[in-house]
Amino acid sequence: MNRFRKHIGTLATPYGIAIGMASFWICIGASLLFIAVNEQNSMAKVHEQMATLIRSISVENEATLGRLNQQYRPDCVDSNLVHLRTVLFSTRFIRDIGIYDDQNRLICSTTEGRFLTPFDTPTPSLREIRNGVDQSIWFDIPILLGSGQYHAMVVRQGRFNVAINQDAISSLLGGMDILGLQLADSLPTPVFISSRTNLPWQRYFNEQSASSHPTEGYDWRQRAFVRTDYVKGTPWVLQSYRTLTEVIVAQAPLASFLVSLSALLGLLITALVMPTLKKQKEVSARVHLLLREGGILCLYQPIIDLSTRHWVGCEVLMRLRDGADLVPPDQAIPAILEQKLAWQLDAGVIEKGLKELAGAMPPTSGFKIAFNLFPENISFNRINDFVQSHLAATWRDDFQIDFEVIEQSYDESVIREIARLKQSGYRVSVDDFGTGYSNLGRVKRLAPDLLKIDRSFIFEMEDDSLRSSLIPEIIGIARAIGSQVVAEGIENAQQAEQLRKMGVEYGQGYYFARPMPIQDFVGEYAAQADKLRLSFRMNASAPVAIRSWSLDRSM
Ligand SMILES: Nc1nc2c(ncn2[C@@H]2O[C@H](COP(=O)(O)O[C@H]3[C@@H](O)[C@H](n4cnc5c(=O)[nH]c(N)nc54)O[C@@H]3COP(=O)(O)O)[C@@H](O)[C@H]2O)c(=O)[nH]1
């Protein structure tokens, strides 16, 4: 046996590992998503800071150039340059102011005074006319400052220009990659590009449409996260670009923590599913053996007459006994059906059930024994031969055998088999009624003796659910086809009482008793009978006691 279990355990291992690996990769995917969202958020934050700064520079430029053109003379005399220098005290970003003569030459600036030779104006890098204001922009203009030099972005409007330290702007690029300008309807043109960028950036940038909406997302072609923002009220455009590898490297501590967590979860899930998988594998490999080697255990759940509360019968429910373990039907049945062992199971339960009940039950009067039948086992000859041979061996003729079949669309031959069973004195119940596509025509053809209302309808009775509101409809169907009704899954007194009032004849459920082994069942059955006998003596005229003595033969 141990060798057998070990072999099955080996079979379960690859599935367990596969589930663990799948969980690991799902967690890695979720981690990547988390990192990506994190990256997008930090990009958005950097862009927001940068946009605030650019708006400030832009506002300062426009205001200063407007003021210069309106309030100052384009004159290089010292007194005028002193006035212009005072303007610089109130600016945050502008370092220098220049003046052009009427021949379009730069003739002086606030830092250098009048030039010995005026500078001809080169073609601007960009020219922008917005709201009637004409501005020309040059980038990378070297400007002397004392003994040093800086690169400036120079903006001209009218006869004045202002110089902004471009190095300071470049350093402000911070976590961003491209600062561009979008003029009129043209595509954005990169102006400052961070030092870590190379050609593909620019290419990517130029491929962007001249849209004024921010875009963010993952570019599958370049395998990178890209975010573009248009700085409101200015022609400036910001863009950041991070490859997946860069993002992971930048968030290395978080990434390694998430990978470890994913691995841990994968291992944990493997460890958790492995025993269940092993068990399932064991069950499916062992059902054949268990059915053959007397592994069937029968439990008996009473069926109660709801008016008299008398135990009028029982349903025989199987468990598979595997050593010390009891395998419940929901685990055993799929394996049994898969291995085409349906008859072995039903026959095994009928044989064992009849033997146990015949050996332990006192003489009764039509005690009902309900067996479940798989649809594939509905064959009069096979069932009848089998039951009769085993019933004969018990020397009992006081049992009423009932077969519970599920509701489904059976073909004509099965319906004939069911009719033959009924003609020969067996009773037939439609089990789990209401769970299939219940159809009056279909149950009518089956003409069952009993309809068993599925327990899902009973569970919801307290909630007054739509489902439970169908119980009277089911009772109506039963009446229309001349069947009695059994309600299964009764778990409390209210349900039992309500169902009785609705006219349901029989009940089954944990409220009355759980499925139990034969000794317990027979003991309980006797105790119930004693209780009812006592109540009969105390109240001889009570109809409940009278009925309890004459076990309802109509069941
Ligand atoms: N062909 C065969 N099918 C069988 C056999 N034995 C069982 N079965 C089918 O397996 C399904 C599950 O059965 P089981 O786990 O035994 O559950 C039964 C009861 O324990 C359960 N029940 C009864 N009362 C209550 C209750 O108040 N609450 C609650 N939660 N559960 C309750 O219901 C099951 C009985 O169902 P049914 O047969 O529909 O009357 C089940 O579908 C069995 O049919 C077998 O030998 N052969």
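The model is predicted: local features need pLDDT of at least 70, side-chain atom pairs count only at pLDDT 80 or more, and totals for chains, interfaces and linings use all residues. Residues are numbered from 1 along each chain as its sequence is written, and side-chain values use heavy atoms, with hydrogens and water left out.

**Overall make-up**

The chain has 16 helices and 21 strands. Both are DSSP runs numbered from the N terminus, with at least four residues (H or I) for a helix and at least two (E) for a strand. Of the 555 residues, 47% are buried; buried means under 20% relative accessible area, exposed over 50%, and partly exposed in between, with a 1.4 Å probe and protein chains only. Contact means heavy atoms within 4.5 Å. Among contacts between residues at least 6 apart in sequence, 62% join residues at least 24 apart.

UniProt, in an unreviewed entry, places the feature "transmembrane region" at residues 12-37 and 254-274; such annotations may be inferred rather than shown by experiment. Residues 254-274 are 100% helix and 0% strand, and the end C-alpha atoms of this span lie 30 Å apart.

**Nonpolar cores**

A nonpolar core is a set of buried Ala, Val, Leu, Ile, Met, Phe, Trp, Tyr and Cys residues joined through side-chain atoms within 4.5 Å. The largest has 78 residues, and Leu357 is one of those with the most contacts inside it. Helix α8 (residues 342-360) gives the most to this core, with nine residues. Beyond four places in sequence, the residues that Leu357 touches include Tyr300, Ile369 and Phe399. Another core, of 36 residues, lies apart from the largest one and includes Met50 and Ile97.

Ser109 is found in strand β2 (residues 105-109). Its relative accessible area is 6%, so Ser109 counts as buried. Leaving aside neighbours within four places in sequence, Ser109 is in contact with Leu81, Asp96, Ile97, Gly98 and Phe115.

**Ligand site**

There are 25 residues around the ligand, and among those that come nearest are Asp432 and Tyr510. The table gives polar contacts, which are pairs of N or O atoms within 3.5 Å.

| Residue | Ligand atom | Distance |
|---|---|---|
| Glu315 | oxygen | 2.7 Å |
| Glu488 | oxygen | 2.4 Å |
| Glu491 | nitrogen | 2.5 Å |

Taken alone, the ligand exposes 820 Å², and the protein buries 85% of that. Accessible areas come from the Shrake-Rupley method with a 1.4 Å probe.

Technical notes: Near = heavy atom within 4 Å. Polar contact = N/O pair within 3.5 Å; in protein donor to acceptor, adjacent residues only side chain to side chain.
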